Amino acid sequence: MIKMNVNILRCSVVGISLLTVVPFISIAQKPNWQNLDLKADTTFGISTEKAYNELLKGKKSTPVIVAVLDGGVDINHEDLKSIIWVNKKEKAGNGKDDDKNGYIDDVNGWNFLGSAKGSVNHETLELTRLIRRDNAKFANADATSVAPADLAAFEAYKKNKAEFDKELAEAKIGLERFGGFKMAVDDVVKKIGKENPSAEDFKAFTPTGQMEANIQRVMVQQLKDVSFKEFYNTQIIPGYDHFKSQVDYNLNLDYDPRSIVGDDPNNVKEKFYGNNDVAGPDAQHGSHVAGIIAAVRTNDLGIRGVADNVVIMGVRSTPNGDERDKDVANSIRYAVDNGAKVINMSFGKSYSWDKNIVDEAVKYAVSKDVLLIHAAGNDNKDLEVEANYPNPDYLSGGTATSWLTVGASGWENDGSIKASFSNYGKTKVDVFAPGVNINSTVPGSKYEKLDGTSMAAPVVAGLAGLIRSYYPKLTALQVKEIIMKSVVKVEQSVVIKDEQDNSKTVPFSDLCVTGGIVNAYNALKLAAE
């Protein structure tokens with residue numbers, strides 16, 4: 001699932017009065033901070049600009065295809081349209097499979113979540129689908145009525161059902177309370193009488209009741225660096241939408257949009273389905289990812305991507321809900337077969353329907369010299385003890401060699417360097433990269449700042465594409481080793497808080513294999529050697 005990090009309010013089951021204020025962070029004075037240098041700019045970026053200025057001037061490069069497996073990419077964005085992959089073997093709009101690859105009119109990529117009827121937007125979680133599958137067999141069963149051969153499956157069902165019930169209950173409470181908070185904010189703004197009130201306006205407001213006092217406190221603190229409208233549209237609305245989507249779609253046992261696609265979702269061998277709409281109904285996340293990787297660096301528009309000579313192949317596999325293993329596997333194979341040398345996967349989930357089918361696709365990608373970059377996830381969990389899919393560990397044994405799992409970091413070289421939301425794991429996460437307040441492309445030729453390991457992964461995918469474009473003889477495994485060996489080590493410890501606000505201090509070296517942040521300058525120097 002694509003999980004946006006919502007900074008504002010941890011809407012806990014204890015009640016709205018518990019609202020935890022997380023300052024809305026702004027470093028507007030340093031756009032594209034992820035490309036800056038720690039020494040030169042006092043910002044813990046990956047030294048991309050330093051690499052271009054000192055190492056890459058006058059050097060030749062060859063184009064590299066980077067596949068963005070995501071929710072959709074806006075191929076007409078002003079900062080992306082010139083770097084979108086074009087399948088030259090396919091004639092646009094003629095309704096024929098000109099290149100005989102099984103996909104009709106796949107000019108810029110493919111959408112495994114659609115058909116002639118349209119495209120899937122919202123989906124259920126994998127947990128919901130597992131419960132729906134097993135309800136028929138186990139809903140009215142107990143340990144005494146289940147056949148011995150089914151006991152393990154029954155126990156798994158009970159555990160899953162308990163987790164599902166817990167998540168649904170919390171989502172309903174979150175929706176009620178977040179919805180109430182949103183309505184109360186709207187009422188306060190109406191009383192103030194301004195569409196875009198300032199922190200001073202909220203400070204001058206006289207609250208009636210505890211709720212309005214809470215709102216006043218939150219807004220006075222949050223509006224120091226941003227306007228109310230920006231805060232409302234990027235924090236309050238996404239928070240409300242998050243819980244509403246969980247209740248209406250993600251955790252709704254009666255919701256099943258797959259008929260739009262028209263495939264047999266249980267037939268994992270099925271490959272030829274979908275449509276050529278690589279944007280889909282919601283291309284915000286995938287467009288943002290694509291811009292971080294490769295937004296045009298020379299057009300004086302918007303932002304600068306990490307890589308200057310890659311093309312973006314959009315492969316739509318991730319709805320607003322959990323991706324299906326079948327779609328992920330087919331998307332990986334499609335990307336590989338059409339020439340991608342780097343695959344970015346900014347999605348993840350806690351359960352897997354058929355991990356084997358994804359493992360086989362990953363093995364195929366590895367065999368074809370492709371580097372896979374995966375976001376670690378935004379649940380502040382230790383992946384040493386918490387499951388996260390997809391992952392490089394094969395069920396049959398062994399590990400994908402050309403795979404990197406990426407955590408998210410901030411820009412300050414202090415105890416906050418680990419993004420508060422980022423998953424971590426001493427052996428399960430390979431590197432960290434900038435993933436907080438990252439400005440990038442969104443549909444309609446607009447730009448927006450987002451947080452997440454979803455933003456950190458494409459920083460690394462962009463770096464991988466940059467290395468492979470300037471040093472095309474390097475293998476995927478060599479590029480991975482270069483990225484890992486060239487990190488800037490983080491020397492200080494960081495504080496990690498759990499859901500109960502308990503905290504522990506750990507050295508950053510315990511959070512990932514390398515103990516550091518990726519660095520383009522160091523990596524390119526190492527690649528040259």
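Residues are numbered from 1 along each chain as its sequence is written, and side-chain values use heavy atoms, with hydrogens and water left out. Because the model is predicted, local features need pLDDT of at least 70 and side-chain atom pairs count only at pLDDT 80 or more, while totals for chains, interfaces and linings use all residues.

Strand S6 spans residues 342-345. Helices (H or I, at least four residues) and strands (E, at least two) are DSSP runs, numbered from the N terminus. In a regular strand the side chains alternate between the two faces of the sheet. Both faces of S6 are covered. Val342 and Asn344 lie on one side, Ile343 and Met345 on the other, and all are buried. Buried means under 20% relative accessible area, exposed over 50%, and partly exposed in between (1.4 Å probe, protein chains only).

S6 pairs with strand S1 (residues 64-70). Two strands pair if DSSP finds at least two bridges between them. Here 4 bridges join S1 to S6, and the two run parallel. Valine 68 has asparagine 344 in S6 as its bridge partner. Strand S7 (residues 371-375) also runs parallel to S6, joined by 4 bridges. Leucine 371 in S7 is the bridge partner of valine 342. From S6 the chain crosses through helix H10 (residues 355-367) to S7, and this β-α-β crossover is right-handed. That term means that, with the strands pointing away from the viewer, the path from the first strand over the helix to the second runs clockwise.

Strand S13 (residues 493-497) shows another pattern. Its side chains alternate. Val494 and Ile496 point to one face and are buried. S13 pairs with strand S14 (residues 503-507) in the antiparallel sense, over 5 bridges. Serine 493 stands opposite proline 507 in S14. The hairpin of S13 and S14 has 5 residues between the strands, and aspartate 501 there takes a positive phi near 70 degrees.

Empty space was searched for next. Rolling a probe the size of a water molecule over the atoms shows where empty space is left. On a 1 Å grid over the protein atoms alone, a cavity is a set of points where a 1.4 Å probe fits but cannot get out. Grid points are joined across faces, edges and corners, and a volume is the space filled by probe spheres set on the points. The whole structure holds 3 cavities of 30 Å³ or more.

Rings of Phe, Tyr and Trp (its six-membered ring) pair if their centres lie within 6.5 Å; planes under 30 degrees apart count as stacked, over 60 as edge-to-face and the rest as tilted. The count comes to 14 aromatic pairs. Tyrosine 103 and phenylalanine 112 form an edge-to-face pair, 5.7 Å centre to centre with 80 degrees between the planes. Tyrosine 103 is buried at 7% relative accessible area, and phenylalanine 112 is buried at 0%. Phenylalanine 138 and tyrosine 157 form a tilted pair, 5.7 Å centre to centre with 40 degrees between the planes. This pair links distant parts of the chain: phenylalanine 138 is in helix H3 and tyrosine 157 in helix H4 (residues 151-192), 19 residues apart. Tyr103, Trp110, Phe112, Phe272, Tyr273 and Tyr334 form one aromatic cluster.

Most residues other than glycine have a negative phi, and most peptide bonds are trans. The peptide bond from tyrosine 389 to proline 390 is cis, with omega near -5 degrees. Proline 390 sits in the loop between S7 and strand S8 (403-409). Asparagine 380 lies in the loop between S7 and S8, and has a positive phi of about 55 degrees. Asparagine 380 is buried, at 18% relative accessible area.

Terms used: 1 Å grid on protein atoms, 1.4 Å probe; cavity = no way out; pocket = protein on both sides within 12 Å on 5 of 7 lines; lining within 4 Å.
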